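I opened this notebook to keep track of what I looked up in one structure. The entries follow the order in which I checked things.

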Amino acid sequence: MHESMQHAAHQTQLHTEDVKRAIECVHWLVESNYELNFSPSIPLSQRVIFPVSLNESNGMEDARFVRL
């Protein structure tokens, strides 16, 4: 994914600022999302999530745990 973003950013050098901004937003979105997997043996009450992205540098809003 990172290579694709770099390629798209390079291609936008001849395009408008709007296109460049859109690519920056997509990059931000890609960097902001991740998936966590916990061992089923760890109870929900003992699972801890630490902020890992720049977007979470001031903390995380909330987490919702559901059993599927």
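The entries below cover a salt bridge, a pocket, a surface patch and a few residue pairs.

**Entry: the model.** I note at the start that this is a predicted model.

**Entry: salt bridges.** I searched the whole structure for salt bridges and got one. I then looked up the partners: the side chains of E24 and R21 meet there, with 3.5 Å from N to O. I asked where the two residues sit relative to each other in helix α2. They are three residues apart in that helix, so about one helical turn separates E24 from R21. I also checked the exposure of E24, and its relative accessible area is 46%, which makes E24 partly exposed.

**Entry: the largest pocket.** I looked up the volume of the largest pocket and found about 400 Å³. Its lining consists of 13 residues. I wrote down the ones nearest the centre of this pocket, which are F38, L44, R47, F65 and V66. Which classes make up the lining of the largest pocket? I counted ten nonpolar and three charged residues, and no polar ones.

**Entry: V66.** I picked V66 from the lining and located it in the segment after α2.

**Entry: a nonpolar patch.** I looked at the surface and found a nonpolar patch formed by Y34, L36, V52 and M60. Together these four have about 350 Å² of accessible area. I followed up on L36, which is in the segment after α2, a helix that spans 17–32. L36 has a relative accessible area of 41% and is partly exposed. From M60 I went on to F50: the two are ten residues apart in sequence, and 8.5 Å lies between their C-alpha atoms.

**Entry: N55.** I ended with N55, again in the segment after α2. Its relative accessible area is 36%, so N55 is partly exposed. I compared its place with that of E31, and the pair is 24 residues apart in sequence but 8.7 Å apart in space, C-alpha to C-alpha.

Definitions and conventions: Residues numbered from 1 in each chain as written. Predicted model: local features only at pLDDT ≥ 70, side-chain atom pairs only at ≥ 80, totals over all residues. Heavy atoms only, no water. Patch = residues over 30% accessible without salt bridge, like charges linked within 9 Å, V, L, I, M, F, W, Y side chains within 5 Å. Areas by Shrake-Rupley, 256 points an atom, 1.4 Å probe, with all protein chains shown as cover. Helix = DSSP H or I, 4+ residues; strand = E, 2+ residues; numbered from the N terminus. Buried < 20%, exposed > 50% of the residue type's maximum accessible area, 1.4 Å probe, protein only. 1 Å grid on protein atoms, 1.4 Å probe; cavity = no way out; pocket = protein on both sides within 12 Å on 5 of 7 lines; lining within 4 Å. Points joined across faces, edges and corners; volume = space filled by probe spheres on them. Nonpolar A, V, L, I, M, F, W, Y, C, P; charged D, E, K, R; others polar.
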